[in-house]
Structures are given as C-alpha cells and as structure tokens.
Amino acid sequence: MDKNLTQYSTEELLVFHSNACRTCSRTLDFDHAARNEQQANKLENELILRDVPIPYFYNAVERGTLNGEGSC
C-alpha cells in the first residue's frame, strides 16, 4: 500500500482498516501487532478527514482478513 492514502477510495480504506485491525488482534508477535495498530490509526485519520464513520474495532476485526491488503 502506498503511503499517499488520498489515492485510495473510501471503500478500499475501510477494507485496509479492517485488515489491519484483524491482523493486530490475531498476531502473536508484539511488533507486528504494534505496526498494524499504527496502520489502523493512520487509516482512521484519513477516514476522519473524509467524514466517514470509523467502524468499532471488533466489528472491523470480524470483517478483516489476517495479513490482508493494507495490513503491515
């Protein structure tokens, strides 16, 4: 995923956010979890700029894919 988040659609960012949340919650590696938490926060900031409601963490986890696109 490119660092310039403005090039992605809102739908793509929501998928990336869900994947980062899922990976954060399911990995056993602390550093891997921390990177994905930071990634989810960056994605949340971009979604806030777009006036998009942020999904609750556990809802995002349920929709996400472990190590899916947008996760670290």
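Which residues does Leu13 touch, not counting residues up to four places away in sequence? Leu13 touches Leu5, Tyr8, Leu43, Glu46, Leu47 and Arg50, where a contact means heavy atoms within 4.5 Å.

## About the model

This is a predicted model, in which local features need pLDDT of at least 70 and side-chain atom pairs count only at pLDDT 80 or more, while totals for chains, interfaces and linings use all residues. Residues are numbered from 1 along each chain as its sequence is written, and side-chain values use heavy atoms, with hydrogens and water left out.

## Overall fold

Let us start with the whole chain. Its secondary structure comes to three helices and zero strands, and from the N terminus on the elements run α-α-α. Helices (H or I, at least four residues) and strands (E, at least two) are DSSP runs, numbered from the N terminus.

The C-alpha trace spans about 30 × 25 × 15 Å along its principal axes. The radius of gyration of the chain is 11 Å, which agrees with the value near 11 Å for a compact globule with 72 residues. That radius is taken over C-alpha atoms, and the globule rule is 2.2 Å times the number of residues to the power 0.38. Of the contacts in the chain with a separation of 6 or more, 77% are accounted for by residues 24 or more positions apart.

## Surface and charge

Buried residues make up 39% of the 72 residues in the chain. Here buried means under 20% relative accessible area, exposed over 50%, and partly exposed in between (1.4 Å probe, protein chains only). The accessible surface of the chain comes to about 4700 Å², and 50% of that belongs to carbon and sulfur atoms. These areas come from the Shrake-Rupley method with a 1.4 Å probe; for residues, only the protein chains shown count as cover.

The chain has 7 positive and 11 negative charges, and their mean positions are 4 Å apart. Lys and Arg count as positive and Asp and Glu as negative, with His and the chain ends not counted. The place of a charge is taken as NZ of Lys, CZ of Arg, CG of Asp or CD of Glu.

## The nonpolar cores

The largest nonpolar core has seven residues, namely Leu5, Tyr8, Leu13, Phe16, Leu43, Leu47 and Val52. Helix 1 (10-26) and helix 2 (30-49) are the elements that give two or more residues to this core. Apart from it lies another core, of five residues, among them Ala20, Cys21, Ala40 and Val61. A nonpolar core is a set of buried Ala, Val, Leu, Ile, Met, Phe, Trp, Tyr and Cys residues joined through side-chain atoms within 4.5 Å.

Glu46 lies in helix 2 and is buried, with a relative accessible area of 12%. Leaving aside its neighbours within four places in sequence, Glu46 is in contact with Leu5, Thr6 and Leu13.

Gln39 also has its place in helix 2, and at 11% relative accessibility Gln39 counts as buried. Not counting residues up to four places away in sequence, Gln39 touches Met1, Ala20, Gly70 and Cys72.

## The segment after helix 3

Leu66 is found in the segment after helix 3 (57-63). Leu66 is partly exposed, with a relative accessible area of 45%, and touches Arg22, Thr23 and Arg26, not counting residues up to four places away in sequence.

Gly68 lies in the segment after helix 3 and is buried, with a relative accessible area of 15%. Leaving aside its neighbours within four places in sequence, Gly68 is in contact with Asn19 and Thr23. Gly68 and Gln39 are 29 residues apart in sequence and 12 Å apart in space, C-alpha to C-alpha.

## Two positive phi angles

Most residues other than glycine have a negative phi. Asp51, in the loop between helix 2 and helix 3, has a positive phi near 60 degrees. At 70% relative accessibility, Asp51 counts as exposed.

Asn67 has a positive phi of about 60 degrees although it is not a glycine. Asn67 lies in the segment after helix 3 and counts as partly exposed at 47% relative accessibility.
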